[in-house]
Amino acid sequence: MKLARVCKHVSEEGLSILTLLDRYTGMYEYVPEDLLLRKAQLYEKALAREIETLKKLKLVEVHPTRAAYRITFLGLDCLALLDLVKRDVLSHMGPPIGTGKESVLYLAKTPLGSVVTVKFYKIGRVSFKKVVRTRDYLVDQSSWLEASKTSAEREYRALSVLSKQTGLVPKVFGWSRHAVVMEYVEGVDLCDYRSAEDPEGILKRILLTLRVAYLGAGIVHADLSEYNVVISIRDSTETPYIIDWPQYLSREDPRAGERLKIDVATLLKFFKRRYGVLLDLESAVKYVKGLLDGI
Ligand SMILES: Nc1ncnc2c1ncn2[C@@H]1O[C@H](COP(=O)(O)OP(=O)(O)OP(=O)(O)O)[C@@H](O)[C@H]1O
Ligand SMILES: [Mg+2]
């Protein structure tokens, strides 16, 4: 069932149960029924009925032996989506457009008609399934949910600051729980783009964005590669957007210098390998840090 349709099946009571399960995720791996009954102010029978529906919709999971429940990633998707619609960040949900290692992305629209993507973080989901399959040890799913929320918040914060300094990152529209709403950049990932007209120009614009991020926003990407750059082509102009910022480091972080060097080196290596573009690493790093005026 489509995500938006699943959300429509959730009743008011169901929504308050999901909200409570989410609120207590950081404290309990499975939230005890007693606590839910008290907080949701529901009778046992009503709670059982709601839980049954939420379980069928795959929005909650029931503990195998205890009367206790936990929210699933799909449950969190519904909460985030309903919240974003209520706050007028989103008005329309479109199809999924991709799956990253740590996220699932959907196309969507804002009330003013901007085309955006909703990035739902799903950290640990893949490894979680693997661990359950091998049954080596018990995984605390709640920490994956919390880690996903932290990543969404960090990406939102980074993009908010960066958008004020540069147009070459997606504009950000809002965030809720593990979901970030950002401008949809129509284009091709740099790794899949094989026919660049002006590879050196693209590389220099990426370096300029890194410089603005460093000098203006005070941050380092810290996971930059050809997989985290989207090339948009409009009126035959190639424009590189840097995406995927949750792991950013502040310029003051002791690891920032080293990470910046790795980011730049990864980029230079890619452009050398694919397009034969040669730039000196030390000079490029100095340029990003504002120690050289040009590159
Ligand atoms: N704002 C955007 N506009 C258009 N496409 C996007 C946008 N953000 C992400 N994408 C697409 O979705 C893919 C995954 O996004 P992103 O890199 O942010 O997630 P991720 O989970 O970190 O992925 P991975 O770990 O595989 O790099 C990108 O490679 C890109 O193709
Ligand atoms: Mg990525």
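Q: Quick one before we start: what counts as a polar contact here?
A: A pair of N or O atoms within 3.5 Å. Within protein, one atom must be able to donate a hydrogen and the other to accept it. Residues adjacent in sequence count only if both atoms are side-chain atoms. Keep in mind that this is a predicted model.

Q: Fine. What does the side chain of His221 reach, then?
A: The backbone oxygen of Ile243, at 2.9 Å. That is within the 3.5 Å cut-off for a polar contact.

Q: And where's His221 in the fold?
A: In the loop between strand S10 (219–220) and strand S11 (229–234).

Q: Buried or exposed, that His221?
A: Buried: its relative accessible area is 1%, and buried means under 20%.

Q: Who does His221 touch, apart from its sequence neighbours?
A: Leaving out anything within four places in sequence, His221 contacts Asn228, Ile242, Ile243, Asp244, Trp245, Gln247, Tyr248 and Asp263.

Q: Let's go to the metal. Which residues coordinate the magnesium ion?
A: Asn228 through OD1 and Asp244 through OD, at 2.1 to 2.2 Å from the magnesium ion (ligand 2). Asn228 sits in the loop between S10 and S11, and Asp244 in the loop between strand S12 (237–242) and strand S13 (249–250), so the pair ties together parts that are 16 residues apart in sequence.

Q: How accessible is Asn228?
A: Its relative accessible area is 7%, so Asn228 is buried.

Q: What about ligand 1, which residues come nearest?
A: There are 17 residues around ligand 1, and Ser103, Lys119, Val185, Asp189 and Asp244 come nearest.

Q: What are the distances from Asp189, Asn228 and Asp244 to ligand 1 oxygens?
A: For Asp189, a polar side-chain atom lies 2.7 Å from an oxygen atom of ligand 1. For Asn228, the distance from a polar side-chain atom to a ligand 1 oxygen is 3.1 Å. For Asp244, a side-chain N or O atom is 2.6 Å from an oxygen atom of the ligand.

Q: And how much of ligand 1 does the protein bury?
A: 84% of the 600 Å² that ligand 1 exposes when taken alone.

Q: Back to Asp244. What's its phi?
A: Positive, about 65 degrees, although Asp244 is not a glycine. Most residues other than glycine have a negative phi.

Q: Asp88 has a positive phi too. What's the value, and where does Asp88 sit?
A: Asp88 has a phi of about 60 degrees. Asp88 is in the loop between helix H5 (73–86) and S4. It is exposed, with a relative accessible area of 56%.

Q: New topic: Glu186. Where is it, and is it buried or exposed?
A: Glu186 lies in the loop between strand S8 (179–183) and strand S9 (188–189). At 60% relative accessibility, Glu186 is exposed.

Q: Which helix holds Ile17?
A: Helix H2 (residues 12–23). Ile17 is buried, at 0% relative accessibility. Beyond four places in sequence, Ile17 contacts Leu36, Leu42, Leu47, Glu50, Ile51 and Leu54.

Q: How does the span of helix H7 work out?
A: At 1.5 Å a residue, the 25 residues of H7 (residues 141–165) should span 36 Å; the end C-alpha atoms are 37 Å apart, which agrees. Buried residues in H7 include Leu145, Ala152, Glu155 and Leu159.

Q: Last one: what does the whole chain look like in numbers?
A: The protein chain has 10 helices and 13 strands, and its C-alpha trace spans about 70 × 40 × 30 Å along the principal axes. Of its 295 residues, 49% are buried. The chain exposes about 15500 Å², with carbon and sulfur atoms supplying 51% of that.

Terms used: Residues numbered from 1 in each chain as written. Chains lettered and ligands numbered in written order. Predicted model: local features only at pLDDT ≥ 70, side-chain atom pairs only at ≥ 80, totals over all residues. Heavy atoms only, no water. Helix = DSSP H or I, 4+ residues; strand = E, 2+ residues; numbered from the N terminus. Expected span 1.5 Å × (residues − 1). Buried < 20%, exposed > 50% of the residue type's maximum accessible area, 1.4 Å probe, protein only. Contact = heavy atoms within 4.5 Å. Donors = N, O, S within 2.8 Å, 3.2 Å for Na, K, Ca; no water. Near = heavy atom within 4 Å. Areas by Shrake-Rupley, 256 points an atom, 1.4 Å probe, with all protein chains shown as cover.
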